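Here is a brief report on one protein model. It covers overall build, packing and one database annotation.

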Amino acid sequence: MRLNRSQYMSSIVLYNYFRSSTSYRVRLALHHKGLAFEYKPINLLKSEQLTPEYKAINPLGGVPTLVHDGKIIPESFAIIEYLDEVFPQTPLMPKDAYKRARIRQVCEVINSFMHPMANLKTLKYLTSKHGYDQDQKDEWAQHWIYQGLEVLETTLKEFSGTYSFGDEITMADIFLIPQLLTSQRYKADITKFPTLVKINNNCLKLEAFKKAHPFNQMDTPEEFKK
């Protein structure tokens, strides 16, 4: 894979991986806002994220990375906030300061607490350093996932309407839906959390969520395609 500055000059380019939940978040934001973008697959299982060429634009060697008019932005939280500021149509954050803070709380529970515990790097480390098999890795992921899901259920029970915060899609939904899919991947039973199930079902009916879904991407393996 060769990357050079001329490749960055399309208006919006997204380097991502079909099953990465953080990539899924950014695809959701882009589709929700109706923004066209060039999809650049980075195969995590082939370690394409660790090549010198890719690490030149994302030093941590993770996905996603967004490039907008030549400007490089790694990390999904930073990307989504940037998109919401630069393309304020169909905003992902309300004007009310308190609701904005609580939405960020939800996003942080997912981004800082839940996601790292079921991240590919974390689980590979558990195998290489501690000899975990798949069942042990599932148990590890579930331990942290359930704690996060309980917090999200309690929080969103107070604020939800059709979606996480009322009847409009917000950044909370953009973070929540990918995390719920990850939770199911590690065999966590999300049916224990009725508020989260309601939000998930309502979001997945929307066209943007269908377009962004991991099983509908150009790099989705045939066995996963819907």
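## Model and overall build

What percentage of the 226 residues in the protein chain is buried? Buried residues make up 48%, where buried means under 20% relative accessible area with a 1.4 Å probe, protein chains only.

This is a predicted model: local features need pLDDT of at least 70, side-chain atom pairs count only at pLDDT 80 or more, and totals for chains, interfaces and linings use all residues. Residues are numbered from 1 along each chain as its sequence is written, and side-chain values use heavy atoms, without hydrogens and water.

The protein chain has nine helices and four strands. These are DSSP runs: helices are H or I of at least four residues, strands E of at least two. The order from the N terminus is β-α-β-α-β-β-α-α-α-α-α-α-α. The C-alpha trace spans about 50 × 50 × 30 Å along its principal axes.

## Nonpolar cores

The largest nonpolar core holds 54 residues. A nonpolar core is a set of buried Ala, Val, Leu, Ile, Met, Phe, Trp, Tyr and Cys residues joined through side-chain atoms within 4.5 Å. Leu 66, Leu 83, Leu 149, Leu 152, Met 171 and Leu 176 touch the most other members. Domain 1 (12-90) and domain 2 (97-212) each supply at least three residues; the bounds come from an automatic or database domain assignment.

A second, separate core has 11 residues, including Tyr 17, Phe 18, Leu 44 and Ile 57.

## Annotated region

UniProt lists residues 96-222 as "domain: GST C-terminal" in an unreviewed entry; such annotations may be inferred rather than shown by experiment. Over residues 96-222 the chain is 68% helix and 0% strand. The end C-alpha atoms of that stretch are 44 Å apart.

Definitions and conventions
Buried < 20%, exposed > 50% of the residue type's maximum accessible area, 1.4 Å probe, protein only.
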